Amino acid sequence: MAQVPQPLDALAVRTWCGLALQALGRAREEIDAINVYPVADGDTGTNLYLTVESAAAAVEAVFAGYEAGGDQRPTLADAVRAMAHGALIGARGNSGTILAQLLRGMAQVLAAEGETPHSGARELRLALRQAADSARAAVEHPVEGTVLSVASAAADAAGGAEGDCSGVARAAYEGARVALEATPGQLAVLEQAGVVDAGGRGLVTVLAALVETFTGEAPRVPDGPGRALHARVDDVTRPAAQECADTAADGGGPGPAYEVIYLLEAGDEAVARLRERLDALGDSLVVVGGDGLWNVHVHVDDAGAAVEAGVEAGRPYRIRITHFAAGDVHTGGGGRPAPEPIQRAVVAVVPGEGLAGLYQEAGATTVLARAGEPPASGELVEAVRRAHAREVVLLPNDADLRHTAAAAAEQARTEGVRVALIPTRSAVQGIAALAVHEPERRFDEDVVAMTSAAGATRYAEVVIAERQSWTMAGICQAGDVLGLIDGDVAVIGSDVTETAEAVVDRMLAAGGEMVTLVLGDEAPEPIAAHLEARVRESYLAVDTVIYRGGRQGSLLLIGVE
């Protein structure tokens, strides 16, 4: 039985996120199996899980920050803002994007209470109402019989509930459960396939976790995978979904071929114009967020045009483009069998678009990580699945991702993939490992060679200090240039180029054959030529290789092999 925090406070939010994540983990495959709208691509459960995983990680980070500072636990406002932000930046797919807006809507009400330690039933009723209304507003063309209908029913039921938070949560859950069972009668594609809405089924699971948060007891979620007539998952066949392909697509035929998702930094007016342009390009348009940060989701035939529209509106990043499989209903592919997996692949976490391109040219499947936004284990598992290989070498390229990568590797192994985790601590170590990768070798031999190459590469980075701090090299002030070698501050300076030169000299003092420089977008333009000349003039037989990493967090990454 879960620990039961009675008031709606930060601990309740933390507990709810954790319970929802566990519940979605158990229900993920069932929800994936009934996913037929808007695209029968079998990923709704996975997308909801990844979205909640990101929300839960953000809440945990807030608690960890308070604990590290010796303060008391965070306020309710701190926790719900973190939950909403985590869901926003980690939202996946149509269903995950809508769930992110539902959580944001709740946060708008609960955070408005300011620094109060907790809220009550009245605020929870208002939060659920705001969640449903804001999610509906985020969808360009709302459709009944979807998660929007289930969310509205939950809010309606909660609005008439009396008692404390547990009573409101239970009423919301019951309202959602009844609405879920009614979805096949509202949407022909569901009725023809004999299933309830997958996104709505996921929301019922999340609301069940909310009930458990306040009562300590999880209500009984509808039998099986949430099918309207309680039929078996195995009966939800691709042919049944294909019969209603015309119904699923707005235009009466096969729908767009690509799903495009990106985070966008832009103002409200620019986003309004973006909505109009994307609506003309495709369907399933959902734009969620606010206060300058948005998550954009759309299905289109011209993925490039959708991204270009984002560039015109502001700064898009974490761009994901997915081509719907040939057998998906949306593309009318006729249910052809999936291709055979390749024998071996490399999956790597990279800190910038430039490095992502470099790794992809070398054949790796990449997961983009940004400063302050590390990928969750679910994202790594998804990348392993995307690689579609029997054997996978996983390169986390960050010491802080060690446990996340280990969890992902363990999950992938349960799905029948042979995974080797090489504990690379920097992208330059990953480059060294990838350089010796030979898929034709025996798996164990390949892993040993890659591990050896990574281990023989010392790594460093040049960054700007954000605050005053004690370091191994002394006290640094905000704005100082820091040179970190193997994770520890070794040089404190005021000039980027001079600090980088000092770092390279220290690293080459112990010997080396090759220096790898990865330039961030904000690195001074002459720095690469200066360091290359310095190495050529001062160290015989040492080569220098230069790459551009894009927005990678660090001004400069350095590797010495």
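**Note on selected strands, helices and side chains**

1. Ser284 is found in strand β4, which covers residues 282-290; strands here are DSSP runs of E with at least two residues, helices are runs of H or I with at least four residues, and both are numbered from the N terminus. This is a predicted model, in which local features need pLDDT of at least 70 and side-chain atom pairs count only at pLDDT 80 or more, while totals for chains, interfaces and linings use all residues. Residues are numbered from 1 along each chain as its sequence is written, and side-chain values use heavy atoms, with hydrogens and water left out.

2. The side chain of Ser284 makes a polar contact of 3.4 Å with that of Asp283; such a contact is a pair of N or O atoms within 3.5 Å, where within protein one atom must be able to donate a hydrogen and the other to accept it, and residues adjacent in sequence count only if both atoms are side-chain atoms. Once residues up to four places away in sequence are set aside, Ser284 touches Pro38, Asn94, His297, Val298 and His299, contact being heavy atoms within 4.5 Å.

3. Thr51 lies in helix α2, residues 44-68, and counts as buried because its relative accessibility is 1%; buried means under 20% relative accessible area, exposed over 50%, and partly exposed in between, with a 1.4 Å probe and protein chains only. A polar atom of the Thr51 side chain lies 3.2 Å from the backbone nitrogen of Arg92. Arg92 is also among the contacts of Thr51 beyond four places in sequence, together with Ala87, Gly90, Ala91, Gly96 and Leu99.

4. Four strands form an open sheet with parallel pairing, in the order β8-β7-β9-β10, where two strands pair if DSSP finds at least two bridges between them. Its edge strands, each pairing on one side only, are β8 (365-368) and β10 (418-421), and the twist averages 20 degrees from one strand to the next.

5. Helix α16, residues 402-414, lies across β9 and β10 and runs at about 165 degrees to β10; axes are lines fitted to C-alpha atoms, for helices over the stretch in contact, and angles run from 0 to 180 degrees between N-to-C directions.

6. His388, in the loop between α15 (377-387) and β9, has a phi near 55 degrees, a positive value in a residue other than glycine, and it counts as partly exposed at 33% relative accessibility. Asn397, in the loop between β9 and α16, also has a positive phi, near 60 degrees, but it counts as buried at 8% relative accessibility.

7. Strand β11, residues 458-464, has antiparallel pairings with two strands. Five bridges join β11 to β18 (residues 556-560), where Val560 is the bridge partner of Arg458. Five bridges also link β11 with β14 (residues 481-485), and here Ala460 faces Ile485.

8. The charged end of Arg14 sits over the ring of Phe63, 4.2 Å from its centre; this requires NZ of Lys or CZ of Arg to be within 6 Å of the ring centre and within 35 degrees of the ring normal.
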